Amino acid sequence: MKLWEKGKKYGIWNPNDFDFSQDAEDFKNLSDLEKEYLVRNVTVFQAGEEAVTLDLLPLIMTVAKEGRLEEEIYLTSFLWEEAKHVDGFNRYITEVFGDEFKGDLHHFMVDSYKEIFYELLPAALNRLTEDPSPVNMARASVTYNMIIEGVLAETGYFSFHKMLEVNQIMPGMMKFVGKLKQDESRHIAYGIYLISRLVSEHGDEVWEAVQDQMNMLLGPTMKLIQEGYDLYEVLPFNLKIEEFNEYAMGQFQKRMARLEKARNQSLKEVMDVALSEVL
Ligand code: MN
Ligand code: FE2
C-alpha cells in the first residue's frame, strides 16, 4: 500500500502534457546517423513498453486469485503506468520524427531483442496462467522486474541521458524519461518485494529458481546491448559501447546483490529498503 500511495502521488502525470515542439526542432538538426540512432532507441523502447503492458496481466491474475488485495491494488497503478508509457512514446514518434520514420519500424529490432521481448518475456508470464506456482511467479518477476525493468530499461535511460542531456537537446524527451524512471523505480521495488516474499514463504526452491533465471537471462541481455551497437562502425553522440556494457553489468550485479541481501532480511526490512530506493 505504500507503493500504491507513491503511485497515486507520482504516477498521475499525463503524457499529453509534455511539450515536444523543441524536440521536433532539434530532431531536424540531427545528422542522418543521429536521427537513425535516436529513432532506433525510441522504437525499441516503445515496443518494450507495449510488451510489458501486454504481458503483465497473468501476474495480476495470479495475485488476485490468491486474494492479495493490496498487491492487486498496487498492480492496477503499475499496469496503467505501463499503458501511459506506450501512449507517451507513441506521441513522441508521431510528433517528433520526420515522415521517413513513420512507417513500419520492426526492422529496428535485432534478433536478441526479439528473443527477449517476443519469446522469453511472454513465455515467463503466460506460464502463470497454466501453472501459477511460486517458482514460476519468481521466474516471471525476475524476467519482468529485475531484467527488463531493472537492467534493460535502466540502461536505456542511461543511453538517453548520454545522447540528449549531455548534448542539451530534446528537453521534452528528458522530462518524459524522468517520469518513466520514477514509475519504473516503483515497479522494480514491487519486484524486489514479490521475489523476497516468495523466497521467505517457500525457501530454497524459489531462491534457486531466482538465481537460475537471473543467470539464464544474463547472456541474452548482454547480447542485446552488444548487438544494438555492433550495427554501427562509429556511434553517434560520442557514445562508447564499453560504457553501456559496464552500466548494464553494474545494474545486473546491483539487482543480484539486492536479492541476496533481501534473503537475510525480514519482509518489512526488505520493503523499507526498497521504498527508500524509490525515486
Ligand atoms: Mn514502462
Ligand atoms: Fe514498468
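**Metal sites and helices**

Mentor: Glu82 (OE), Glu149 (OE), Glu184 (OE), Glu184 (OE) and His187 (ND1) coordinate the iron ion (ligand 2) at 1.8 to 2.6 Å. This is a predicted model: local features need pLDDT of at least 70, side-chain atom pairs need pLDDT 80 or more, and totals for chains, interfaces and linings use all residues. Residues are numbered from 1 along each chain as written, chains are lettered from A and ligands numbered from 1 in written order, and side-chain values use heavy atoms, without hydrogens and water.

Trainee: What spacing do the donors of the iron ion (ligand 2) follow along the chain?
Mentor: The spacing is E-x66-E-x34-E-x2-H.

Trainee: Why do Glu82 and His187 tie together parts that are apart in sequence?
Mentor: Glu82 sits in helix H5 (residues 69-96) and His187 in helix H8 (residues 171-202), so the pair links parts 105 residues apart in sequence. Helices are DSSP runs of H or I with at least four residues, strands are E runs of at least two, and both are numbered from the N terminus.

Trainee: Which residues donate to the manganese ion (ligand 1)?
Mentor: The protein donors are Glu49 (OE), Glu82 (OE), His85 (ND1) and Glu184 (OE), at 2.1 to 2.3 Å. Their spacing along the chain is E-x32-E-x2-H-x98-E.

Trainee: Why are Glu82 and His85 separated by about one helical turn?
Mentor: They are three residues apart in helix H5, so about one turn separates them.

**Burial and contacts**

Trainee: Which residues does Ser159 touch?
Mentor: Leaving out residues up to four places away in sequence, Ser159 touches Asn41 and Phe244. Contact means heavy atoms within 4.5 Å.

Trainee: Which residues of helix H4 are buried?
Mentor: In helix H4 (residues 57-65), the buried residues are Pro58, Leu59, Ile60, Thr62 and Val63. Their cover includes helix H3 (32-55), H5, helix H6 (111-130), H7 and H8. Just after H4, Gly67 has a positive phi of about 75°.

Trainee: What makes the phi of Phe237 worth a remark?
Mentor: Most residues other than glycine have a negative phi. Phe237 is not a glycine, yet its phi is positive, about 55°. Phe237 is in the loop between helix H9 (204-230) and helix H10 (241-263). Asn238 is in the loop between H9 and H10 too, with a positive phi near 60°.

Trainee: How do you know whether Phe237 and Asn238 are buried or exposed?
Mentor: Phe237 has 8% relative accessibility, so Phe237 counts as buried. Asn238 has 68%, so Asn238 counts as exposed.

Trainee: Why is Leu231 called partly exposed?
Mentor: Its relative accessible area is 49%, so Leu231 falls in the partly exposed range. Leu231 touches Arg40 and Val110, not counting residues up to four places away in sequence.

**The whole chain**

Trainee: How many helices and strands does the protein chain have?
Mentor: There are 11 helices and zero strands.

Trainee: Why is the protein chain called as compact as a globular protein of that length?
Mentor: The globule rule is 2.2 Å times the number of residues to the power 0.38, and the radius of gyration is taken over C-alpha atoms. For 279 residues the rule gives 19 Å; the chain's radius of gyration is 19 Å, so it is as compact as a globular protein of that length. Of the 279 residues, 56% count as buried.

Definitions and conventions. Buried < 20%, exposed > 50% of the residue type's maximum accessible area, 1.4 Å probe, protein only. Donors = N, O, S within 2.8 Å, 3.2 Å for Na, K, Ca; no water.
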